[in-house]
Amino acid sequence: MTVHGADTPGPQLPAVPRRASTSAADQLVEDLYRGHALRLTRMALLLVGDQASAEDVVQEAFVGLYRGLGRLSDPGRAAGYLRVSVLNGCRSVLRARKRARLRRAEPAVAVWSAESAVLAGEERRAVLQAVARLPRRQREVLVLRYYFGLTDPEIAADLGVSRGTVASTASRALAALAAKTGEQA
Amino acid sequence: MKGLEEAPMRAVEEQLRDAFSAAADTITAQHLPGLPAPARRIRMTRRWPGWLAPVAAAATVAGVIIASLGISGVILGRPAGTGPASSSRVFAEVPRYFVATSEIPGRGAVVGATATGAVLGRIAPPEPSQDFTWEAAAGDGRTFVLGASPKLSRGAEPPADQPVKFYRLVVGRSGQLGQLAPLPIPAETGVSGLAVSPDGGKLAVSLLPAHRQAVSRIQVFSLATGGQREWVWPGPGTIGQAATSFPNANISLQWEADNRTLMFEVTMRTSAGWASGGVPSQLYLLDTATSGGSLLASSTRIPLPDTEFGAHHSRQQYIFGMPFVTGDGSKLVALFYRQAPPPKVNVFTITEFSMRTGKPIGALYRLRSGTDLNSPGVWWVNTSGNAAILARGPVFGVQTPTTFTPLPPAAQRLLARPDGSLHLLPAWG
């Protein structure tokens with residue numbers, strides 16, 4: 001039985017007057033999965049640290065998409081819906097881990113940790129470790145901007161904050177990283 | 001980038017892109033699981049605890065536990081249903097009260113009535129402690145021990161070695177709460193397990209290596225005098241480490257009804273990482289009548305043939321969650337988990353094992369599901385193993401070999417959210 005909190009709900013899908021047929025809906029989701037699952041899983045990996053958690057978060061996001069499919073009028077918005085769902089899922093994973101650490105549970109091995117053998121390069125590890133120590137919103141902004149390649153207005157829409165907040169958050173995060181990497185240099 | 005040099009910022013940005021790209025590329029399309037089945041859309045009632053997700057997801061290929069253990073016939077021959085039962089008679093089989101703590105800092109603890117869900121009272125941890133982080137119950141169902149820790153600042157990571165102070169709480173026969181009384185034992189750091197003996201006379205605490213202690217330990221205190229005995233694990237194994245990564249983490253130590261035998265879990269780990277090739281976690285029975293010293297010398301290993309237990313397993317079939325030992329010491333009740341193809345088809349079986357042989361002898365509950373959202377959990381087992389408090393997804397109830405009787409709605413609301421995640425972490429004695 002779980003001890004983590006109720007998760008932040010995904011964004012509401014827009015209501016539409018008619019429901020897509022099951023086969024068409026399934027085809028849409030399959031297309032979305034083929035087109036976006038890998039990139040979303042990689043994004044989740046950068047936020048939660050381990051592949052298994054990242055995969056689960058993305059799977060849950062697609063489950064959420066299934067549930068709201070009947071109200072999805074614009075398939076073009078589905079990718080954004082999935083991205084925000086993955087962000088929320090990553091937050092849930094990280095919240096739950098706090099409780100696990102309180103219980104002194106052994107965390108999953110992060111891709112940037114010394115125990116992980118999948119990532120080459122000490123400098124990369126150091127950068128990712130520094131990112132992992134940033135506040136949650138700063139991490140999200142950096143991943144959305146420098147991995148996902150979103151613009152600041154797109155990031156603002158995903159995170160539900162103003163464009164100015166995105167810019168200032170990114171600035172603070174970069175400054176913190178510059179200070180940390182400078183210390184290590 | 002106001003006030004900052006642009007060149008260093010550009011360098012940081014390039015480092016970020018490179019590091020993100022390199023880490024992301026460790027996942028390839030070939031590694032991705034399949035698309036979740038459409039049927040999952042109607043069963044969103046529960047999700048794995050986040051820190052367990054890696055455990056569940058790691059089992060990407062089926063290992064047929066049930067078949068390998070040869071217990072299919074046992075399960076089929078003894079179905080566990082949800083037939084009607086007299087709830088008052090069923091609830092008489094389980095502890096009258098429970099204590100529960102919240103994951104939300106500052107919420108304190110709650111004492112509730114199992115059969116009604118009535119809240120008997122809410123207890124705030126005394127100053128300077130601010131959060132209850134551990135809870136355990138004695139066999140009388142009315143005596144509880146709570147562990148309290150310093151308050152965590154908002155968003156802070158829990159410190160590695162925060163001290164835990166212990167308090168006793170007794171519920172009167174008519175349900176009135178007594179005073180929270182500090183126990184005459186020292187505050188402990190590195191707590192990984194807590195259990196009150198059935199007679200309420202002793203407290204067992206397991207400790208991970210902390211401070212200058214390089215090894216895991218179990219201490220047993222007399223709650224009357226504070227007298228202490230200590231057993232030390234001779235090696236790099238950690239006690240309670242695997243259990244604390246499970247949902248029912250608060251039962252990582254368990255007493256048998258004789259008030260002498262204590263079950264604990266050891267996970268083998270070396271400085272180089274988790275042990276490979278062998279079984280990473282083992283269950284042992286400690287004879288607390290011994291005078292202390294080596295845990296290994298004072299304990300007996302519980303046989304678990306053909307399976308594995310622990311969060312870090314090298315096989316893809318394993319016991320999920322901390323097993324329960326029945327009070328009479330005859331059986332072990334464990335939740336088995338396996339993932340069958342196509343990806344993410346989950347099979348859960350709550351199975352009883354013989355403590356003597358390690359062989360399965362029956363099943364209390366079995367669930368095969370396309371989603372892991374209704375995963376069950378074991379929270380309490382009676383002395384003979386024929387009644388248990390289970391969670392079937394978000395629903396807590398009393399499981400017997402033939403019936404499942406949900407706790408009343410008030411208790412359900414108190415313990416779990418509609419999505420199955422817990423409001424509170426309960427302990428029954």
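Tutor: Buried means under 20% relative accessible area, exposed means over 50%, and partly exposed lies in between, with a 1.4 Å probe and protein chains only. Helices (H or I, at least four residues) and strands (E, at least two) are DSSP runs, numbered from the N terminus. This is a predicted model, in which local features need pLDDT of at least 70 and side-chain atom pairs count only at pLDDT 80 or more, while totals for chains, interfaces and linings use all residues. Residues are numbered from 1 along each chain as its sequence is written, chains are lettered from A and ligands numbered from 1 in the order in which they are written, and side-chain values use heavy atoms, leaving out hydrogens and water.

Student: Which residues are buried in α6(A)?

Tutor: In α6(A), the buried residues are A:Asp152, A:Ile155, A:Ala156, A:Asp158 and A:Leu159. They lie on the same side of α6(A) because they cover an arc of only 165° around the axis, the arc being that of the directions from the helix axis to the C-beta atoms.

Student: What follows α6(A)?

Tutor: A:Gly160 follows α6(A), and its phi is positive, near 70°.

Student: How many helices and strands does chain A have?

Tutor: Chain A has 7 helices and 0 strands. Of its 185 residues, 58% are buried.

Student: Which residues touch the most other members of the largest nonpolar core?

Tutor: A nonpolar core is a set of buried Ala, Val, Leu, Ile, Met, Phe, Trp, Tyr and Cys residues joined through side-chain atoms within 4.5 Å. In the largest one, with 60 residues, those touching the most other members are A:Met43, A:Phe62, A:Val86, A:Leu142, B:Leu16 and B:Phe20. The elements giving two or more residues to this core include α1 (22–48) of chain A and α1 (6–24) of chain B. The largest share, 11 residues, comes from α1(A).

Student: And what is A:Val86 in contact with?

Tutor: Contact means heavy atoms within 4.5 Å. Leaving aside neighbours within four places in sequence, A:Val86 is in contact with A:Leu40, A:Met43, A:Ala44, A:Val57, A:Val58 and A:Ala61.

Student: Changing topic: is strand β25 of chain B mostly covered or uncovered?

Tutor: Strand β25 (residues 376–381) of chain B is mostly covered, as 6 of its 6 residues are buried.

Student: Which strand is joined to β25(B), and how many bridges are there?

Tutor: Two strands pair if DSSP finds at least two bridges between them. Here 5 bridges join β25(B) to β26 (residues 388–392) of chain B, and the two run antiparallel. They form a hairpin with 6 residues between them, and B:Gly385 in the turn has a positive phi of about 90°.
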